[in-house]
Amino acid sequence: MKLSVPGRASTALVVAAATLLTGGAITGAAPAPVAAAAAPDLPVANVKAHLAQLQSIATANGGNRAHGRTGYKASLDYVKAKLDAAGFTTTVQQFTSSSRTGYNLIADWPGGNTNQVVMSGSHLDSVTAGPGINDNGSGSAAVLETALAVARTNYQPTKHLRFAWWGAEELGMVGSRYYVNSLSTANRSAISGYLNFDMIGSPNPGYFVYDDDPTIEKTFKTYFTGLGIATEPETEGDGRSDHAPFKNAGIPVGGLFSGADYIKTAAQAAKWGGTSGKAFDACYHSSCDTSSNINDTALDRNADALAYAVWSLSS
């Protein structure tokens, strides 16, 4: 998340119909196409396994995964390899910022109406101060696991699914802005919605939903209501994550956030648990944003909410 950028997160609810499928590995013959409404319950262990890989990459590359550094490219290579093996069509988009080369990774799931694209994304870069496991390994890992669940279940939605991992968000949404600016007018208008996930596993979490596009907002809120979790509109830093370039281009946007360096109030602690008077993420943009800086419950709920929205909005 960009400095002073609001992280975006929210928790996932498990609706009875949404638990018909699991995100576990499927063996044997290829599964039959899945009913559009049956979003999978993503195993949080799978999401955390991706975070462990991102932590290892940061540790092996100077302690961070920042734009223009070896840790960022290694992170992108890890995500791309998973998607390629799962049958996605991947594209690496290159750009330059601060005299360093940056990369976006775009993954398209074959099929669906390409004039109606449901797109989900997160920024993959960290700040130079630390490994960026909550900001934004959490969003990146959940988007990756959702994409892999699409492949595991052989989901065949009516709309076309596209997933993205952005570079140089921490420098001012550079990668996502480059992508949006590179789209033709027709390709911009083909995106029916962009869902953004920036910080969804904060250790003292809140459950915030972007109050941008009403349909996307309602989808997330419906899911949380099913879990019995009250949400709040995201206000910590509107327009300071990768949804902003899409919104500015007239594309409907939405997303989730679990909080950054704002302080949790007593009312929020009563509603969500955790500790009032403390930041949602005290390790925001710091060296302590490691794999131990994650609330597993928030990560699990938010990842499931992500999958629920992708299935619901693409059917």
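Start with Val118: Gly193 in β5 is its bridge partner. Next comes Met119, whose bridge partner in β5 is Tyr194. Strands count as paired if DSSP finds at least two bridges between them.

This is a predicted model: local features need pLDDT of at least 70, side-chain atom pairs count only at pLDDT 80 or more, and totals for chains, interfaces and linings use all residues. Residues are numbered from 1 along each chain as its sequence is written, and side-chain values use heavy atoms, leaving out hydrogens and water.

Now the pairing. β3, residues 113–123, and β5, residues 191–197, run parallel over five bridges. β5 also joins β8 in parallel, through four bridges. There, Asn196 has Gly255 in β8 as its bridge partner.

Zoom out. The sheet is open, with six strands in the order β1-β2-β4-β3-β5-β8 and mixed pairing. Its edge strands are β1 (89–97) and β8 (253–256), each pairing on one side only. Neighbouring strands are turned by 20° on average, direction ignored.

Then the helices. Helix α2, residues 70–86, packs on the sheet and touches β1, β2 (100–109) and β4 (159–166), with contact meaning heavy atoms within 4.5 Å. The direction of α2 makes about 15° with that of β2. Axes are lines fitted to C-alpha atoms, for helices over the stretch in contact; angles run from 0 to 180 degrees between N-to-C directions. Helix α3, residues 133–152, lies across β2, β3, β4 and β5, at about 145° to β3.

Notes:
Helices (H or I, at least four residues) and strands (E, at least two) are DSSP runs, numbered from the N terminus.
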